[in-house]
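Here's a short tour of one structure, taken a stop at a time. Keep the model open beside you and look up each spot as you read.

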Amino acid sequence: MSAEVGIGAAVVVDGRLLHGNRGFAGELGHVPVRPEGPECACGGRGCLEQYAGEDAVLRAAGLEPGEDRVGLLSGRAEQGDAAVRDALHEAGTALGIALTGAVNLLDPESVVLGGALSGLAPWLLPSLRSELARRTAGPPCPVSVSPLGPEGPLLGAAHSVVRGVLDDPTAVAERA
Ligand SMILES: [Zn+2]
């Protein structure tokens, strides 16, 4: 799971990325958290992005979106800014609610936080973990933080292309 302004997820099954039938698998940011919540650009209401996307968290904390959103939020949270910590706590709760659907449906080995979320993990994880554990039908699913930091999603995308070539080198030769 990765977030910047938007939130996305990659579902990896047996080492392979799940694309879905129309290529839209992993749109975690548009999973409804509060079905009667504000309208979203996707046509739905109360999507996860509106509670846990970077801009949403900044707004909830009473801050203007600027250049370095994660730096601003983590800096303020480190200083003990109550409004920022509350906003991150609420974002973690929303992430936990949205992830519950995915975990109950897929029963994954683990959930990994990457992208901008990894820099905010100390303040997101407590409420995320408790919400997820409380709502999950089976045993609690472990939640960890990617050691790859903000570059993780890009590396994953690159890996999925390279993997396709390694799996079937002749397909590339035929196209060339
Ligand atoms: Zn949406």
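## The zinc site

Let's start with the metal: the zinc ion is held by His30 (ND1), Cys40 (SG), Cys42 (SG) and Cys47 (SG), at 2.0 to 2.3 Å. These are its donors, meaning N, O and S atoms within 2.8 Å of the metal (3.2 Å for Na, K and Ca); water is not among the atoms, so sites may look incomplete. Along the chain, the donors of the zinc ion follow the spacing H-x9-C-x1-C-x4-C.

The angles among the 4 donor atoms run from 105 to 122°, and the site is tetrahedral. For four donors, that label applies if all angles lie between 85 and 135 degrees. The ideal angle for four tetrahedral donors is 109.5 degrees. Cys40 is buried at 14% relative accessible area, while Cys42 is partly exposed at 44%. Here buried means under 20% relative accessible area, exposed means over 50%, and partly exposed is in between (1.4 Å probe, protein chains only).

## Before you go further

This is a predicted model, where local features need pLDDT of at least 70 and side-chain atom pairs count only at pLDDT 80 or more, while totals for chains, interfaces and linings use all residues. Residues are numbered from 1 along each chain as its sequence is written, and side-chain values use heavy atoms, with hydrogens and water left out.

Asp55 sits in helix α2 (residues 54-60). Helices (H or I, at least four residues) and strands (E, at least two) are DSSP runs, numbered from the N terminus. With 18% relative accessibility, Asp55 counts as buried.

Which side chain does the side chain of Asp55 make a polar contact with? That's Arg69, at 2.6 Å. A polar contact is a pair of N or O atoms within 3.5 Å; within protein, one must be able to donate a hydrogen and the other to accept it, and residues adjacent in sequence count only if both atoms are side-chain atoms. Setting aside neighbours within four places in sequence, Asp55 is in contact (heavy atoms within 4.5 Å) with Val5, Pro65 and Arg69.

## Spaces inside and outside

The largest pocket holds about 1,300 Å³ of space. Its lining has 44 residues, with Ala9, Ala10, Val11, Val12 and Leu17 nearest the centre. Two or more lining residues come from each of β3 (12-13), β4 (16-17), α4, β5 (111-115) and α7 (152-167). The largest share, 9 residues, comes from α7.

There is also 1 cavity of 30 Å³ or more, and the largest cavity has a volume of about 60 Å³. Residues lining the largest cavity include Ala3, Val57, Leu88 and Leu120. On a 1 Å grid over the protein atoms alone, a cavity is a set of points where a 1.4 Å probe fits but cannot get out, and a pocket is an open set with protein on both sides within 12 Å along at least five of seven lines; lining residues have an atom within 4 Å of a point.

## Two loop residues with positive phi

Most residues other than glycine have a negative phi. Asp14, in the loop between β3 and β4, has a positive phi near 50°. Asp107, in the loop between α4 and β5, also has a positive phi, of about 50°. Are they buried or exposed? Asp14 counts as exposed at 75% relative accessibility, and Asp107 counts as exposed at 63%.

Definitions and conventions
Tetrahedral: all angles 85-135°; square planar, octahedral: opposite > 155°, others 65-115°. Points joined across faces, edges and corners; volume = space filled by probe spheres on them.
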